[in-house]
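Subject: Structure handover

Hi,

Here is the structure you asked about. My notes follow below it.

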Amino acid sequence: MITLRDVTKRYGEVTAVDGVSFEVPSGEVCVLIGPSGCGKTTTLRMINRLIEPTSGSIEIDGQDVMSVRPEELRRHIGYVIQSVGLFPHLTVAENVATVPKLLGWERRRYEPKVRELLGIVGLPPAEYADKYPRQLSGGQAQRVGVARALVADPPLLLMDEPFGAVDPLTRERLQAEFVRIQRELKKTVIFVTHDVDEAIKLADRIALMRSGNLEQYDTPETLLDHPASKFVHDFMGSDRALKRLGRARVANVMRTVESTTGGARSVVAEACGGSRFVYLTDERGVLEGWVDCKVLDAGTPPEEAGTTVDWHEAAVHPETTLKDALSRMLGFGFRNVAVVDADGRLVGEVSLAAIEGTMADADTHIANLEEGEVLGAIPEESPAERDELT
Amino acid sequence: MVALAGCLLLPFVEFRPNRIVSGTFETVFVAGVASWALVALIALALVVALAPGRVRGSLLLVAGAGMGLALLWALGVAAVHLQEGAPAIVRVSVGPGAWLVGLGALIVWFAGTRATASVLVRRIAGVAVLLGVAAIAMWGGLGELSLAREYAVQSRRFWTLVRQHLVLAGTGVGFGVLIGIPLGVAASRNRVVRDAGLGIASVIQTIPSMAMLGLLIAPLAALGLTAIGTTPAVIALTLYALLPIMRNTFVGLAGVDAAVIDAGRGMGMGRLQLLLRVEAPLALPLVIEGVRAAAVLVIGIAAVTAFIGAGGLGILVFQGWGQQADDLTLLGAIPMVVLAVLADVSMRGLRRLVVSPGIEEGTLT
Ligand SMILES: Nc1ncnc2c1ncn2[C@@H]1O[C@H](COP(=O)(O)OP(=O)(O)OP(=O)(O)O)[C@@H](O)[C@H]1O
Ligand SMILES: [Mg+2]
């Protein structure tokens, strides 16, 4: 558990962080968000003492960070920065082994761990361990950065805009992997971003900051439904129904589907059963495409009735948010999208109707929240906000 | 082109009755067959240089190497031919035409290495040239040239001087490394050290070497030391070696990506660990480059320290001037060039050996 109490950081006249207090329970993801320059990075770096607070205290599991030698503290806190900062003269494996070496681990202790972590972040060690950073793409480098932060198994992970420097599709994939890894490893994570969608997607709690102050600290749902101020309301954005879809995962609404490894017409036709489409997979179950059963019935051979796809692009994962699944459907112009696991094996599909179903619930919810009602809900402790509004 | 003109028009060798007085000049054609081979190779170089093609680089290498080897061969033949039956005191020296051809050969050779992508081809060509030079040196009559005769007379002393020269330059660079690298590190940590250190070092660099030896007299006297001999020479050389090493160390460290340093700190590296494990390896290429520049510089300046009795190859150069014995001067100057080239090549080799392939251009695909 991380506890910040009245933490303040001043640079001369500038107050970068102004009396911020919050608590992150163990195993939860806290996303720090807010406009540029609001003090997110400063707050994060005070936790591992890369910046010393002017006043206030920070505790990790009840221990004041100021009572630990900074180097010692940092070796037990994973740290990922936006610019990645891989050591260019070291191989991927050597980069990942940095902290274990600092901790004095023996080679035979850290080597398997390094390979395991590279596997976890989706970089097969056989292929990537001996590469140098400049041989990697931005997304791959970012994964190495995450593996490097996780390898010594720190209970706490600090991430400063870790997916900021990659293209949107890669970012989406990295986010999905983050969710998957976090579900497995259950770290306490403090994650900085200025992307609201990313925050909603990943956070157990969001700490929304504004010019050094903590505006609101709560679950994403609460920030969306009960913003503490007009600033929070505006910052979270107007497309709330859509945003809420960012909270629900495909796993919650997907259904199982028929699939076949293809082959003879009769086999495919039987797999069709009564449904309109049937998915095609290889022997290992990896998605290869689908067959339109109507076209098949019309007498077209299976090869021609089928559509071949690359699952990397055409499918979503159980961890994918409904929002991303929806945008994928709109992008392809389909009413269904296949769901595959991390290795591309077909596990089900999600339909537009299913997503609409969850939206309908949300809509009724929103309809109950008149704009005035929301603003009226501003709590007493922010008089400044009230002045602004009246 | 220049080489061709030089070869045909300028005197190729000088035929002199003894080692001091000047004599008569002969053109390249005294060398018979060898001279025709030389002319043919120069023509080849010209044709290749003007007609770009896929194997242009390799052909340039062949032409350059051929020119160099044919030149040596022709010189040997000419020397033997001209001295046939003459008394032992007669000398045959290398004339301006031959020098020009040599220069031409080098230009063509380096154009060739630059135009050749394949490392293998360059290696093979290099080895072939070395073998050729060795063969000609053994059987080609080069020993009959005046330069070689000077060497035969001076050989004991020559090697002593080479060793002295190496020790002088090596000590200068050694101290330069020992002082320059820590100063460079300090400069990257501290503004005052940076401004003062780099400022002073670049002032030193602008002092002409002769003036430097003079300027050292006063401070050395104050320390009770004489301004004559090895100690002041080493001090002067160290001062000259300092700037390139210190500046490159500083620039190398200052150029390390701030994000990389931040990552290192964030993972719990202390200042020393950060310096040794991250900053030093990343600055290494520039540091080595600084040492290389310092070595080449100091090998040249070490010639001047002969004036204050520190020894070295400078002695041969100055004696040669004093006696107007050009070949003696060359006997001092040529090995200096060779030493400088060797220093340059070995530092490049060292760089290839110790710098991580992760940061060295062109080492990864
Ligand atoms: N070393 C410093 N000296 C003076 N002011 C600083 C320093 N570091 C940060 N600040 C100021 O403190 C404030 C907060 O900076 P911080 O880097 O924490 O913002 P941020 O929320 O991370 O912004 P961004 O989203 O742009 O990364 C900014 O106004 C910045 O100008
Ligand atoms: Mg920031």
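Chain A and chain B bury about 2,100 Å² between them. Carbon and sulfur atoms give 59% of that area. Bear in mind that this is a predicted model. The contact involves 24 residues of chain A and 24 residues of chain B.

On polar terms, the interface has 8 residue pairs in polar contact, both partners at pLDDT 80 or more. The rule finds 1 salt bridge across the interface of chain A and chain B. Arg45(A) and Asp262(B) form a salt bridge, with 2.8 Å between the closest N and O atoms.

Which elements give two or more residues to the side of chain A that touches chain B? They are helix H2 (70–75), strand S6 (77–80) and helix H4 (98–102), all of chain A. H4(A) gives the most, with 4 residues. Sorted by class, this side of chain A has 11 nonpolar, 6 polar and 7 charged residues.

Now the ligand. The residues around ligand 1 are Tyr11(A), Ala16(A), Ser36(A), Gly37(A), Cys38(A), Gly39(A), Lys40(A), Thr41(A), Thr42(A) and Glu161(A). By class, that shell has 3 nonpolar, 5 polar and 2 charged residues. Helix H1 of chain A, residues 40–47, gives the most to the shell, with 3 residues.

- Thr41(A): a polar side-chain atom lies 2.6 Å from an oxygen atom of ligand 1.
- Gly39(A): a polar backbone atom is 3.0 Å from an oxygen atom of ligand 1.
- Cys38(A): a backbone N or O atom lies 3.2 Å from an oxygen atom of ligand 1.

How much of ligand 1 does the protein bury? Taken alone, ligand 1 exposes 630 Å², and the protein buries 59% of that.

Last, the salt bridges as a whole. Over all chains, the count comes to 27 by this rule. One of them pairs Arg205(A) with Glu28(A), where the closest N and O atoms are 2.8 Å apart. Arg205(A) lies in strand S9 (residues 205–210) of chain A, while Glu28(A) lies in the loop between strand S2 (14–24) and strand S3 (29–33) of chain A, so the pair ties together parts that are 177 residues apart in sequence.

Best wishes

Key: Residues are numbered from 1 along each chain as its sequence is written. Chains are lettered from A and ligands numbered from 1 in the order in which they are written. This is a predicted model: local features need pLDDT of at least 70, side-chain atom pairs count only at pLDDT 80 or more; totals for chains, interfaces and linings use all residues. Side-chain values use heavy atoms; hydrogens and water are left out. Contact means heavy atoms within 4.5 Å. Buried area is the accessible area (1.4 Å probe) that two parts lose on being put together, summed over both. A salt bridge is a side-chain nitrogen of Lys or Arg within 4 Å of a carboxyl oxygen of Asp or Glu. A polar contact is a pair of N or O atoms within 3.5 Å; within protein, one must be able to donate a hydrogen and the other to accept it, and residues adjacent in sequence count only if both atoms are side-chain atoms. Ala, Val, Leu, Ile, Met, Phe, Trp, Tyr, Cys and Pro count as nonpolar, Asp, Glu, Lys and Arg as charged, and the others, Gly among them, as polar. A residue is near a molecule or strand if one of its heavy atoms lies within 4 Å of it. Accessible areas come from the Shrake-Rupley method with a 1.4 Å probe; for residues, only the protein chains shown count as cover.
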